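Work through the exercises below with the sequence and the coordinates open. Each task is followed by a solution in steps.

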2 protein chains.
Amino acid sequence: MQVPEAVRWADGGDAIDLLDQTELPEAETRLRITSADAMAEAIRALRVRGAPAIGIAAAMAFAFEAARHARLERGEFLERLAATRALLLAARPTAVNLAWALDRLDRLVGSLSDAPNGVVACKLWGEATAILEEDRAMCRAIGEHGLALVPDGTRVLTHCNAGALATGGIGTALAPLYLAHERGRALHVFVDETRPLLQGSRLTAWELGRAGIPVTLVTDSAAAVLMAQRRIDLVLVGADRIAANGDVANKVGTYGLAVLARYHQVPFYVAAPCSTLDAFTPTGAGIPIEERAADEIRRGFGRLTAPADVAVFAPAFDVTPAALISGILTDRGVLEPPFVDGVARLTTTAPDVVA
Amino acid sequence: MQVPEAVRWADGGDAIDLLDQTELPEAETRLRITSADAMAEAIRALRVRGAPAIGIAAAMAFAFEAARHARLERGEFLERLAATRALLLAARPTAVNLAWALDRLDRLVGSLSDAPNGVVACKLWGEATAILEEDRAMCRAIGEHGLALVPDGTRVLTHCNAGALATGGIGTALAPLYLAHERGRALHVFVDETRPLLQGSRLTAWELGRAGIPVTLVTDSAAAVLMAQRRIDLVLVGADRIAANGDVANKVGTYGLAVLARYHQVPFYVAAPCSTLDAFTPTGAGIPIEERAADEIRRGFGRLTAPADVAVFAPAFDVTPAALISGILTDRGVLEPPFVDGVARLTTTAPDVVA
């Protein structure tokens with residue numbers, strides 16, 4: 001099974017190998033990144049996206065930069081690391097995983113004040129690799145726990161991209177689908193194109209198709225027709241943040257799908273790592289929702305497709321109330337409603353937002 | 001109030017003046033059409049669209065062509081008219097209104113076998129003008145009957161374009177909004193962009209904005225968020241065909257909106273001329289649903305935004321069951337559920353499909 005790797009070490013660690021997602025689906029271009037500058041550019045330009053993948057890529061670039069400058073005098077070395085951290089953080093200021101991964105490496109540097117630069121660099125390399133490996137394991141664990149949801153012949157609807165391209169491994173919402181496919185189960189995945197940025201058509205349809213899983217693309221508003229025609233057995237989506245009561249913030253369009261799934265009695269599951277659980281935010285009402293630029297909708301395909309000055313309401317995410325969710329699939333098992341005890345039990349201290 | 005006219009006579013009938021809708025919203029270009037060839041090209045290229053507007057435009061072009069050739073010998077004159085009819089019909093074979101309007105003119109020609117060519121041409125000009133005027137009156141009647149639905153301060157959600165650009169007058173679903181605005185009522189209209197062809201963002205947002213009605217554009221999947229935030233008082237859409245039991249075929253996305261409206265307890269109304277009522281089709285299950293070309297989704301607006309060979313499910317329309325519809329607004333009054341008696345009473349013999 002060919003699952004794309006968004007980011008990985010190349011040449012035994014001498015470079016970072018990144019799939020340029022801005023070229024998808026037209027071309028599959030892999031970049032060889034050998035500096036934090038180049039990685040910051042790649043993050044800014046969305047060549048790598050999806051919060052876990054961004055966190056991993058930044059950690060790898062930070063470690064790489066440490067190795068490159070290990071021969072500097074200690075003060076200069078630490079200054080260099082601080083500048084690298086600031087550069088990478090500024091590349092995508094709202095990506096919580098980016099800060100989380102860089103903080104983790106920064107704490108490691110702080111704990112190694114007596115070690116030579118070379119040892120620090122080596123340990124950073126190990127830590128960045130650990131972040132990648134942990135993410136891979138997390139994806140696989142979500143997939144294993146979710147396998148029971150996708151028996152042979154399941155027809156799944158998904159939205160946006162919660163797949164391999166967003167993580168270090170086989171994705172979150174897509175992980176059970178990859179594992180079911182790997183075990184020979186027949187699947188059919190309907191993919192919402194996901195306006196305005198079309199992550200469904202550009203990314204999800206591409207990565208599932210590449211793995212040999214049958215895919216049908218639909219516009220977001222055709223999902224209701226599929227459900228009415230009883231062609232969907234399961235809706236499975238990712239999550240950006242999950243509140244203490246189980247309310248889920250995810251890509252705009254998720255809430256409408258949850259309402260439609262309830263109306264058509266289709267199970268609606270959310271897949272996310274435990275790091276997405278946030279027991280400190282009581283309900284979805286407390287989750288801030290970023291608004292996107294109006295021109296992502298007015299000029300979505302390069303040319304003007306709406307009056308140039310028309311007002312636009314463009315929330316990046318929406319909130320699906322826990323009452324509409326059949327279950328939350330995590331790397332530590334499946335939570336069932338009511339979610340409040342499960343979320344409290346599994347909440348980790350490192351909030352991890354999948355953008 | 002500035003409501004655009006999709007098609008009208010120019011120079012006292014010496015030309016047809018057409019708004020080129022393919023240039024919207026970037027430019028407002030009006031074409032001066034003086035031959036059936038030019039009109040057939042305009043219909044083929046979607047410079048004029050919306051079934052009523054297409055029917056009117058074709059009728060005007062047919063009448064125009066008759067006047068241009070009135071000096072021919074009778075046999076040649078009739079041959080010329082037959083060729084013109086075939087040319088215009090072939091420009092958009094599935095547009096029912098096109099056939100309906102041309103049949104009406106053809107019957108008139110048949111009834112005037114003793115009249116000189118000049119008289120035939122003159123009567124055809126009058127009949128084409130009558131088709132335009134009847135459509136204008138129909139739009140206004142829908143608007144008048146719908147005024148009670150839009151009191152001062154109403155926040156309306158609409159989908160696709162059932163406006164002036166699709167008709168000879170002030171539209172169907174948009175007619176009550178234009179009349180309410182004309183009477184000084186405050187309105188706010190939220191417009192779904194309406195993938196794949198973006199009639200909402202390209203056409204509806206443009207024509208309402210031009211008339212001075214406040215508009216906010218949203219992606220189709222953000223409509224649910226507006227309803228959850230209680231920002232929508234009324235959903236008002238057009239119809240392509242209405243079955244005997246009140247099931248409504250309309251642009252894909254309408255059905256999902258109806259489910260969302262029911263869930264959020266928002267009234268959901270359909271506006272259409274009586275010619276759209278079809279008492280001879282018992283339920284929506286009997287309405288054929290055209291599938292659109294996959295590349296309208298894979299290559300929306302020029303560039304490839306999905307894997308080039310991915311399967312696509314692209315119904316042009318969907319069917320909203322009567323049970324989800326609060327009322328059907330026609331030019332002869334508002335029908336309330338159950339619709340079966342009202343549809344039977346108001347069904348006309350000329351099916352009139354607003355595409």
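**Exercise 1.** Classify B:Phe301 in this predicted model as buried, partly exposed or exposed, and describe its surroundings.

*Solution.*
- Step 1: The relative accessible area of B:Phe301 is 25%.
- Step 2: Buried requires under 20% and exposed over 50%, with partly exposed in between.
- Step 3: With its 25%, B:Phe301 is therefore partly exposed.
- Step 4: In chain B, the residue sits in the loop that runs between helix H10 (295-298) and strand E12 (311-312).
- Step 5: Leaving out residues up to four places away in sequence, B:Phe301 touches A:Phe301, A:Arg303 and A:Thr305 in chain A, and B:Pro196, B:Leu197, B:Leu198 and B:Arg202 in chain B.
- Step 6: B:Phe280 is 21 residues from B:Phe301 along the chain, and their C-alpha atoms are separated by 38 Å.

**Exercise 2.** Apply the burial test to A:Ala239 and locate the residue in chain A.

*Solution.*
- Step 1: A:Ala239 has a relative accessible area of 4%.
- Step 2: The limit for buried is under 20%, so A:Ala239 is buried.
- Step 3: Its place is the loop between strand E7 (234-237) and strand E8 (241-243) of chain A.
- Step 4: A:Arg262 is 23 residues from A:Ala239 in sequence, and the C-alpha to C-alpha distance is 18 Å.

**Exercise 3.** Compare the span of helix H2 of chain A with the expected value, and decide how far the helix is enclosed.

*Solution.*
- Step 1: Helix H2 of chain A covers residues 51-68, which is 18 residues.
- Step 2: From first to last C-alpha, H2 of chain A reaches 26 Å, close to the 26 Å expected at 1.5 Å a residue.
- Step 3: Of the 18 residues of H2(A), 16 are buried, so the rest of the structure largely encloses this helix.

**Exercise 4.** Judge whether chain A is as compact as a globular protein of its length, then describe its contacts, surface and charges.

*Solution.*
- Step 1: Chain A contains 11 helices and 15 strands.
- Step 2: Its radius of gyration is 20 Å, close to the 20 Å from the globule rule for 355 residues, so chain A is as compact as a globular protein of that length.
- Step 3: The C-alpha trace of chain A spans about 65 × 50 × 40 Å along its principal axes.
- Step 4: Of the 355 residues in chain A, 61% count as buried.
- Step 5: For contacts in chain A between residues at least 6 apart in sequence, 74% join residues at least 24 apart.
- Step 6: Carbon and sulfur atoms account for 52% of the accessible surface of chain A, about 12700 Å².
- Step 7: Chain A has 34 positive and 42 negative charges, whose mean positions are 2 Å apart.

Notes. Residues numbered from 1 in each chain as written. Chains lettered and ligands numbered in written order. Predicted model: local features only at pLDDT ≥ 70, side-chain atom pairs only at ≥ 80, totals over all residues. Heavy atoms only, no water. Helix = DSSP H or I, 4+ residues; strand = E, 2+ residues; numbered from the N terminus. Rg over C-alpha atoms; globule rule 2.2 N^0.38 Å. Buried < 20%, exposed > 50% of the residue type's maximum accessible area, 1.4 Å probe, protein only. Contact = heavy atoms within 4.5 Å. Areas by Shrake-Rupley, 256 points an atom, 1.4 Å probe, with all protein chains shown as cover. Lys, Arg positive; Asp, Glu negative; His and termini not counted. Charge placed at Lys NZ, Arg CZ, Asp CG, Glu CD. Expected span 1.5 Å × (residues − 1).
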